[in-house]
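Subject: Structure for your review

Dear colleague,

Please find below the structure that I am handing over to you. I would be grateful if you read the notes that follow with the structure open beside them.

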Amino acid sequence: MEGGKLPWLLVNEIGGIRGILHSHVPFLKKHFHLITMKEFLEDKKAVGKKVQAIYLWWHKPVIDKELLQSLPNLKVIANSGVGMDHLDLKLVASFGVKMANAPRAVSSSTADTGMALLLASARRLVEVHNISISSSTEYCEADILGVKVAGATLGIIGMGSIGYKVALRAKAFEMNILYHNRTRRKAQEEQAVSATYCKRIDSLLQQADFVMVVVSLTPQTHKLIGKRELELMKPTATLINISRGAVVDQEALVAALQTGVIGAAALDVTSPEPLPRDHPLLKLKNVIITPHLGTKTDKASYMITEEAVENILAALNGLPLPSEVLPS
C-alpha cells in the first residue's frame, strides 16, 4: 500500500517488548502508513515532515521537545491507556498537538484485574499454589487460612469509570462498598452498587477490610497513600493498587507490611516498573505483585487500538476527539 495515500503514523516498533502487537498491524495499515522509530531515525528530516500522528504503545516512543521539534506536521498523539502521567501535556500542547487516551477500552479489564488481585490476596492463592507444587505434601491448615470476601468491606479510592466497575463486581461478591472521590456519584449510581460515599478518605481507610486505589497519578495524588494513611487502616486490611505505583509511598508500604500495620498488599503497579530484583517488596510473603496486567487481554488491547485510531482520524479530519485530554 502506497504510504503517500495514507497519513503517516509513527510507532515505537512492531512486536518486541515495547512494540505494537503484530495482530493489530493489518487494522492500522488500513488507515495509516506505519513508520517505526528506527525508520524515522534513519532519515529524520524526510520522514519527520510526513508524520502526522503518533501512537504510544505503553509509553513508547518517549515524547520530548527534540522529537516534537522534528515533526513539524504532527497533529495528534494517541495513548494506549488512560494514564497520561508519562507525557508533559503542556509541552505537547505548546506545539499545537492534540492528545487522546483510551478510557472506554480499559475500564472493564482493569476492574477485572483489581478484583482478581483482591480475591488472590484474600484466599492466598500464590502461597497455596507454591505449597501445592512443593516437594513436601504436608502443611499446617492454620498457615493457609484466608479472609472471607462476602460481607467484607471494600473501600474504593477513585470512583471513575474503572472504580465504578470494580464496585459492580464487588457487589456481586456480596461486599459492603465505601468510596471516596473528588465528586460524589449520583444517588441512583450509588444505589445501583449499594455504595456509601465517604467525604473524608480517613473514614474509608478506618473502616475498610480491603482498600483499592483507582486514581490517576497527578501532583495531588503522588504518594496519596503514605505512612499516615497506612496507619489509619486496620491491621488486617489489604491494600490493592491498580492505579500508578507512585500513588503509594512504597517505603512506607514496606515498613507497614513488615511490622503488621496492615495485613497484606496486592499491586499491579509499582514505581519503577519492574522493581529492582533486590527490592524488599519482592521478598514479602504477604504481597502479590503483577507486571501491570491492567488491560492486558487480547480483546482489550485491540479495543485500545480501535479507540486510538478513532481519535487520530478525528484529529486529522478536524473533528472533535472522542477522548481528548487537555493540559490542566
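Contact here means that heavy atoms lie within 4.5 Å. Please also note that the model is a predicted one.

H6 covers residues 103-122 and H13 covers residues 298-316. The two helices pack at an angle of about 165 degrees, and their axes are 8 Å apart. Angles over 145 degrees count as roughly antiparallel, and H6 and H13 are therefore roughly antiparallel to each other. Their crossing is left-handed.

The next item is a sheet. Five strands form an open sheet with parallel pairing, in the order E2-E1-E3-E4-E5. Strand E2 (33-36) and strand E5 (98-100) are the edge strands, as each pairs on one side only. On average, neighbouring strands of this sheet are turned by 25 degrees against each other, direction ignored. Strand E1 (residues 8-11) runs parallel to E2 and is joined to E2 by four bridges. Trp8 has His33 in E2 as its bridge partner.

Finally, I draw your attention to Thr153, which lies in strand E6 (residues 153-157). Is Thr153 buried or exposed? Its relative accessibility is 14%, so Thr153 counts as buried. Beyond its neighbours within four places in sequence, Thr153 is in contact with Met175, Asn176, Leu178, Gln207, Ala208, Asp209 and Phe210.

Yours sincerely

Methods. Residues numbered from 1 in each chain as written. Predicted model: local features only at pLDDT ≥ 70, side-chain atom pairs only at ≥ 80, totals over all residues. Heavy atoms only, no water. Buried < 20%, exposed > 50% of the residue type's maximum accessible area, 1.4 Å probe, protein only. Pairing = 2+ DSSP bridges. Axes fitted to C-alpha atoms, helices over the stretch in contact; angles between N-to-C directions. Parallel < 35°, antiparallel > 145°, perpendicular 65-115°, else oblique. Left-handed = near helix turned anticlockwise from the far one by under 90°.
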